[in-house]
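Let us read this model together, feature by feature. Keep the sequence and the 3D view open.

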Amino acid sequence: MDVIAPLRREWNRNGLLHVMVWPALFLVLLYHYGAMAGLLMAFERYVPTKGFFNSPWIGWDNYKYVIALPDTPRVIVNTLKISTMKIIFGLITPVVTALLLNEVRKMAFRRIFQTIVYFPHFLSWVIISGILMDILSPSDGMVNRLIAGLGGKPIFFLGDNNWFQFTLVASDVWKDFGFKTIVYLAALTSISPTLYEASEIDGANRWQQTLHITLPGIVPIIILLTTLSLGEVLNAGFDQILNLYSPAVYKTGDVIDTLVYRLGLQQFQYGVATAVGFFKSCVSLILIGISYFLAYRLANYRIF
Amino acid sequence: MNKLRYPALAIGLAMLLTLFNACSKNEASPPASTAAATGSQTAQASASQAANPTGKYDPSIEFTTVRVYDPKQYFDPGDDIDSNAVYDYYDTALGIKLKNLWAVTSDYDSKLKVAIASDTLPDFFKASPVVLQQLVTDDMVASLPWDEYASDDLKKWVSYDGGIQMQSATFNGKLMAVPETRGPYGDLGIVYIRKDWLREMNLSEPQTMDDLNNIAKAFAQRSSANGKVFGYFLDKSLDLKSFFNSYHLYPKIWVKDEAGNVTYGSLDPRMKVALQELQDLFKAGAIDPEFGVKDKNKELELVNSDRVGIVYGRYTDANGFKNAVKDDKLVQDWGAYLLPSVDDKPALSQVNSSVKNYFAVSKKSKHPEAIIKLANLWIDSQLHPEKHPIMNWGKTEKADAENHIFYTINPLVIFGQADHINMGTYLPNADKLKDPSLIPSDKKGQIKQYHNVQDYENGIVNFTNWLAWLQASEHGTMSMIKTAYDNNLYKFDAFFGAPTATMGQKMATLQAKEDEMMTKIILGAASVDEYDSFIAEWKKLGGDQITAEVNEWAATHQDPLAGRTAK
Amino acid sequence: MFTVINYLLLTGLAAVCMLPFLHVLSISLSSAQEVAAGRVGLYPAKFTWASYETVFGSAGYMKASLVSLERIALGVSLNMLLTVLLAYPLSKESGQFRMRTVYVWLFILPMLFSGGMIPTYMIVKETGLIDSIWALILPNAVPIFNVVLLLNFFRGIPREMEESAKIDGANHFTIMWRIYVPVSMAGLATVFLFAVVAHWNSWFDGMIYLNSPKDYPLQTYLHMSFTVKDFSEMTPEELEHYFKVDDRTGRAAQIFVAALPILLVYPFLQRHFMKGIVLGSVKE
């Protein structure tokens, strides 16, 4: 009965903690793990009347099909490039913004600023694409007029393969940095003021304070958000790209999800989309797992 | 503390049980018993109905469906899509109680996909060709007893095209859905040109394709306060079929040659000639350099701000000219013309005789024949509207002052294959002879259109009147459709079935390549000779395989040109 | 000097975010004809309330708003409850609470792996939630991202506070409610905002799980009201009636009606983002 005694000990010590977890765990098991049975569609020729457990098994056929498509290498490269840039700049921008905003003394300015930068989050990509087409127009768009004014040649942001990925990253950062800034600001406020006071006594200036107190204070959150966004590295932003891309920029703008989408228009099937999704999830898991492991071993920091 | 152990176990068990329950429910009940039940009930039902195809069900049966409808659909006061006078009428006339399992105004495809995948289909529903194909393969739709139940009127209605559209719904000799028949002739390619610009610039109306191209280049020389002016309209969907048709080229459809072989129209080496012309036009500034990234609505902004002078489209596309009439004055005088040609042979408009939707019946339905009865009633209401006024005009049973549309409330609506020909006959005639009685009296919408045309001709200018005039006047676009039909100015797609196996797998990739290549050539980023490498790549990447499958299909399917006689 | 540059930079950033919003607002207040010609910049052309009349004038708008409010009340409450209940135990050290890492990964995995729309629909159906407002609440009742955020906040709370409370005989529940929650206002406000926004913005689940428009929450209702229709497919009769309202002005109005409540609520929550941890009073 060696099983019962340790269980009883654990229960006595942490029983309440376990109970606190269980309601959420139940819901997640039911609605998320239960739904994972659907991942079987990736490996079978799903027939609705047969269900997930009785449809014919086709093994790796869906993967073979996608890998054999001529555009697959290109879309994988595009996906990785675009999402890596998005992760990097999607990290730097809100951090810098939060730090800069932290220096502002006027509360009113901070409040108004915080509200305004949250606006773009509410615009859908359908609307934003219309706006971007206007302001980025090489003939009469605002941005190119500015460039011309500075003596440069017009840039066809949405139509030039040399600039399309940049445009994707910039507009995506623009859309979401506001909400991330909120997170970092909240983290900033939880840095103890006494640390600042003590450093002032030691004669530190603002810059040194930022470097040695502020930044380290939010490093855990930075690592957390970055790790979680690593999980998105194969999602380059389907909604955005679908609205902004065109045959002119398939070369650099076509990503895994847009490819799968076009396949789905010609073929009513379940397997390919599920297979690709499953593959993406596995990659995310590996990346997050590695980050978690590294952070733990190297810095004794558990990300979550 | 111990007491908590049992509840914990209980919760755990409950979770596991729920999970198993959820998983096992996915297995369908043994198909055999369902089929048997359906079979016997169908046998009973058809035994009692066989003698009377239009006969009423007594007692009424429930027939479920799902709907996609316009959010601005008008209903009689107190009615909505789930409960209305039109639905009630089906019960009165046929003993069929219509019930919507759900009704949406957008994203119908997503919701249908979920319903299909979770095996929760209604009795009947609208499905696209790709979806129908899959459902037939997965044995989820019922075959329909057409011969026994379709009325003579219905059979005639669907046969004007020689039975093409019905064929597309036939798999292994069995009819698996009612096609949403439509008139392909309405897809006539028309070129709209700014007549006021032609007058201003002393240019004559185009007789040949060279003329049109020159007009485009001339338009590009215009100056405008709103910005640079262009000749041809073009957006990122690259819809240039009418341009190519003038060169007797038929991209993206399948073409049969004299020997009887079917090939993909885009592979015609003469495409390079037309592509070169497009490249030259682009270089001359006759095409918007940003066309590659703009969708139709965005590009239409140029049209609406007087910066594009030539637009290809079908007869309804004039609706996009939203700024033609401003403050009750015509400020953009658009002329509509048949497609000019590069030589003395007339240009043919490429059209497809396929349908966009099908009405299918779920395999589990107890009364598959009911859908044919719905179709019979619908046809009857179109041929003899006075017999079934509610279906066309709602509770009031007559057209109201605003001429609200009720027919869209009907769950199964199919259109006449010859509709456009008919409209193209009596509407222009009515205007020519100024005699509205030439229009069938039940076609209230068209009678109104006639009056709009008269108003316009009498000087009452607004967008609706102008549009009506452009379409329904003596020389309007509808009369052009009739002319085109009489002179056989149509080129029908030789392939009109559901996608073949390799098509489903590879066509998306091939089309992406085609669009990329065309965009690059027009932009001048690639020389026209690179089109040859596209053709080679197309064949290699699955195109040959697809061509073989299409030819195999064509061997057993009727030539779409065969049934092409008037009436 | 630095201050000046800072202000300039931040103002520039704010302008870049503000201007497009103004543009969309202008579209929603302009006539369809002007929008179709691309003549609307930062202020409306041919001012009209037409799109907003369409939105607010429709009978379903009020009902859908109430549904959304109900959904937020129920959904966010459940979210917050579960978030706090989860963040607390998972923020404990492994030494103290051995199962925590196992639990955490059990929650992280579904963030990465999903069976997709179809199997989720089937589970929702099997649990009888179709056509119920709970279909919008239960499947996403556990906002894992928010939990991870909050647990990091909780980790920052000094151990001494917990220790001294334990000495006084408090159990975990008491510690959680009386100590952790009050000092984590910044974190709580953050996850609260995210939960509210997530529920408010979501429209797809309403469309999939609810079969009758009477049950739709506001976003689903709005999305359904402004469909993009290909007018070249319409019959002449349809056209005469339906070309009048431009979908673009409608959609622009839709964005505003959807975004405004959040943007009004947000400033009130901001006080909590600015608050720091109250330290030092390890009094209890």
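Q: Which residue in β14(B) is the bridge partner of I193(B)?

A: The bridge partner of I193(B) in β14(B) is G335(B). A caution before going on: this is a predicted model, in which local features need pLDDT of at least 70, side-chain atom pairs count only at pLDDT 80 or more, and totals for chains, interfaces and linings use all residues. Residues are numbered from 1 along each chain as its sequence is written, while chains are lettered from A and ligands numbered from 1 in the order in which they are written.

Q: How do I read strand pairing, and in what sense do β7(B) and β14(B) pair?

A: Strands of a sheet pair through backbone hydrogen bonds, either parallel or antiparallel. Here a strand is a DSSP run of E, at least two residues, and a helix is a run of H or I, at least four residues, both numbered from the N terminus. Two strands pair if DSSP finds at least two bridges between them. β7(B) and β14(B) pair in the antiparallel sense, over 5 bridges.

Q: How many bridges join β7 to β11 of chain B?

A: Strand β7 (residues 190-194) and strand β11 (residues 308-313) of chain B are joined by 4 bridges and run antiparallel. Take two positions on β11(B). V311(B) stands opposite Y192(B). Y312(B) is the bridge partner of V191(B).

Q: What is the strand order of the open sheet?

A: The order is β8-β11-β7-β14 in chain B, 4 strands with mixed pairing. β8 (230-232) and β14 are the edge strands, since each pairs on one side only. Neighbouring strands are turned by 20 degrees against each other on average, direction ignored. Such angles use axes that are lines fitted to C-alpha atoms, for helices over the stretch in contact, and run from 0 to 180 degrees between N-to-C directions.

Q: Why is β7(B) largely enclosed by the rest of the structure?

A: Start with the term. A residue is buried if 20 or more other C-beta atoms, placed from the backbone, lie within 10 Å of its own, exposed if 12 or fewer, and partly exposed in between. β7(B) is largely enclosed because 5 of its 5 residues are buried. I190(B), Y192(B) and R194(B) point one way; V191(B) and I193(B) point the other way. Across chain B, buried residues make up 45% of the 567 residues.

Q: Which domains does the assignment give for chain B?

A: Domain bounds come from an automatic or database domain assignment. It gives domain 1 (42-183 + 355-409), domain 2 (190-338 + 499-553) and domain 3 (420-486). The centres of domains 2 and 3 of chain B, taken over C-alpha atoms, are 29 Å apart. Their contact takes 12 residues from domain 2 and 12 residues from domain 3. Residues are in contact if their C-beta atoms, placed from the backbone, lie within 7 Å. β14(B) gives the largest share of the domain 2 side, 3 residues.

Q: How many residues of chain A are in contact with chain B?

A: 40 residues of chain A are in contact with 42 residues of chain B. α1(A) gives the most to the chain A side, with 7 residues. By class, that side has 23 nonpolar, 13 polar and 4 charged residues. Nonpolar covers Ala, Val, Leu, Ile, Met, Phe, Trp, Tyr, Cys and Pro; charged covers Asp, Glu, Lys and Arg; the others, Gly among them, count as polar.

Note on methods. Two residues are in contact if their C-beta atoms, placed from the backbone, lie within 7 Å.
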